[in-house]
Amino acid sequence: MKINRILLLFVLSIFIYSCGSRKKVPGKSGSEREVVVQGDAKRHIPEGTSAPMGHAESVEQYIAMFGPIAQEEMQLYKIPASITLAQGILESGAGKGRLSRNANNHFGIKCHGWNGDKIYHDDDARQECFRKYNHPKYSYRDHSLFLAERRRYAELFELDIDDYKGWARGLKRAGYATDRKYPNKLIDLIERYQLYRFDEEVLGKPSGTYADVSDERANTTYIVKKGDTLYSIAKRYSTTVAELQRSNDLDGTTISIGQLLYIN
């Protein structure tokens, strides 16, 4: 009797397992095929669907796509391609942001004096008006004109055209961005993805010009590690806490692990 009950339970368990819910999912040819889904334990990914792209891969793809456009703008308007690319990456989320996807607006330029198409997006206030372009290249051209035609950015064009650090800090001083870390974010992107190579190509510099000073560059930026303080970093680089604060637009002495600091 006990054996019969055990056998019955075994048969029931096999029956329950074989009766999982069935869903139709598209096959490669567009026809549907049936898969068994056991509750929510396994989620089916339709054939032909690729895995989501990682952030670094998205950035590299963005650079490959818009690097030549940034170089063309550099030739015409004397704005470092490295700066333009870094701004595009930062402000468009590497092309994944709503404004870039729905309006081809990669630099968040608003409608002031604009007679073209528009899109409304929450920014500093609700439903602000932003410019909408037919193609991203027109967003890049508008960005160049935005900087070249405004007097408050005039000092930037007196810098060396490959002085991306000067440009990054100058943009902040001129009021382009309110984020006090904006210059460091641009510099970090330029050096992490070696965007200065696009400036090299436009200027006809030999490949590796910047590589020869890699040690110097390494000594001008520092990634905060566990246990670091502004005082300990200043002592390590023979500078002062006040100088570190000035170079990095810091109001106090609070720093966080992974933060990029510029060492003057």
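A residue is called buried when its relative accessible area is under 20%. The legends below describe close-up views of a predicted model.

Figure 1. The predicted chain has 11 helices and six strands, and 39% of its 264 residues count as buried. Among contacts between residues at least 6 apart in sequence, 49% join residues at least 24 apart. Helix α3 (81-92) is mostly covered, with 10 of its 12 residues buried. These buried positions are Ala81, Ser82, Ile83, Thr84, Leu85, Ala86, Gln87, Gly88, Ile89 and Ser92. The elements that cover them include α2, α4, α5, α6, α7 and α8. Gly93 follows α3 and has a positive phi, near 65°.

**Figure 2. Helix α5 and the elements that cover it.** Helix α5 comprises the 13 residues 136-148. At 1.5 Å a residue these should span 18 Å, and the distance of 19 Å between the end C-alpha atoms agrees. Pro136, Ser139, Tyr140, Asp142, His143, Ser144, Phe146 and Leu147 are the buried residues of α5. Their cover includes the helices α2 (55-77), α3 (81-92) and α6 (164-173), together with the strand β4 (128-131).

**Figure 3. The largest pocket.** The space in the largest pocket amounts to about 810 Å³. Its lining consists of 30 residues, of which Glu91, Phe107, Gly108, Asp123 and Tyr176 are the closest to the centre of the pocket. At least two lining residues come from each of α3, α4 (98-103), β4 and α7 (182-192). By residue class, the lining divides into 10 nonpolar, 10 polar and 10 charged residues.

Figure 4. A pair of aromatic rings is described by the distance of the centres and the angle of the planes. The model holds 10 aromatic pairs. One of them joins Phe146 and Tyr176 in an edge-to-face arrangement, with 6.2 Å from centre to centre and 85° between the planes. This pair links distant parts of the chain, since Phe146 belongs to helix α5 and Tyr176 to the loop between α6 and α7, 30 residues apart. Phe146 has a relative accessible area of 18% and is therefore buried. Tyr176, with a relative accessibility of 18%, also counts as buried. Elsewhere, ring pairs link Tyr62, Phe66, Phe107 and Tyr140 into a cluster.

Figure 5. Most residues other than glycine have a negative phi. Asn104 is not a glycine, yet its phi is positive, about 55°. Asn104 is located in the loop between α4 and β3 (118-121), and its relative accessibility of 19% places it under the 20% cut-off, so Asn104 counts as buried. Ser238 likewise has a positive phi of about 55° without being a glycine. Ser238 lies in the loop between α10 (230-236) and α11 (241-247). With a relative accessible area of 71%, Ser238 is exposed.

**Figure 6. Surroundings of Tyr193.** Tyr193 is placed in the loop between α7 and α8. Because its relative accessibility is 10%, Tyr193 counts as buried. Leaving aside residues up to four places away in sequence, Tyr193 touches Ala56, Val59, Glu60 and Ile63. Tyr193 and Glu60 are 133 residues apart in sequence, whereas their C-alpha atoms are 7.9 Å apart in space.

**Figure 7. Surroundings of Leu203.** Leu203 is part of helix α8. Its relative accessible area of 35% makes Leu203 partly exposed. Apart from residues up to four places away in sequence, Leu203 touches Met74, Ile161 and Asp162. The C-alpha atoms of Leu203 and Ile161 are separated by 9.0 Å, and the two residues are 42 residues apart along the chain.

Note on methods
Residues are numbered from 1 along each chain as its sequence is written. This is a predicted model: local features need pLDDT of at least 70, side-chain atom pairs count only at pLDDT 80 or more; totals for chains, interfaces and linings use all residues. Side-chain values use heavy atoms; hydrogens and water are left out. Helices (H or I, at least four residues) and strands (E, at least two) are DSSP runs, numbered from the N terminus. The expected span of a helix is 1.5 Å times one less than its number of residues. Buried means under 20% relative accessible area, exposed over 50%, partly exposed in between (1.4 Å probe, protein chains only). Contact means heavy atoms within 4.5 Å. On a 1 Å grid over the protein atoms alone, a cavity is a set of points where a 1.4 Å probe fits but cannot get out, and a pocket is an open set with protein on both sides within 12 Å along at least five of seven lines; lining residues have an atom within 4 Å of a point. Grid points are joined across faces, edges and corners, and a volume is the space filled by probe spheres set on the points. Ala, Val, Leu, Ile, Met, Phe, Trp, Tyr, Cys and Pro count as nonpolar, Asp, Glu, Lys and Arg as charged, and the others, Gly among them, as polar. Rings of Phe, Tyr and Trp (its six-membered ring) pair if their centres lie within 6.5 Å; planes under 30 degrees apart count as stacked, over 60 as edge-to-face and the rest as tilted.
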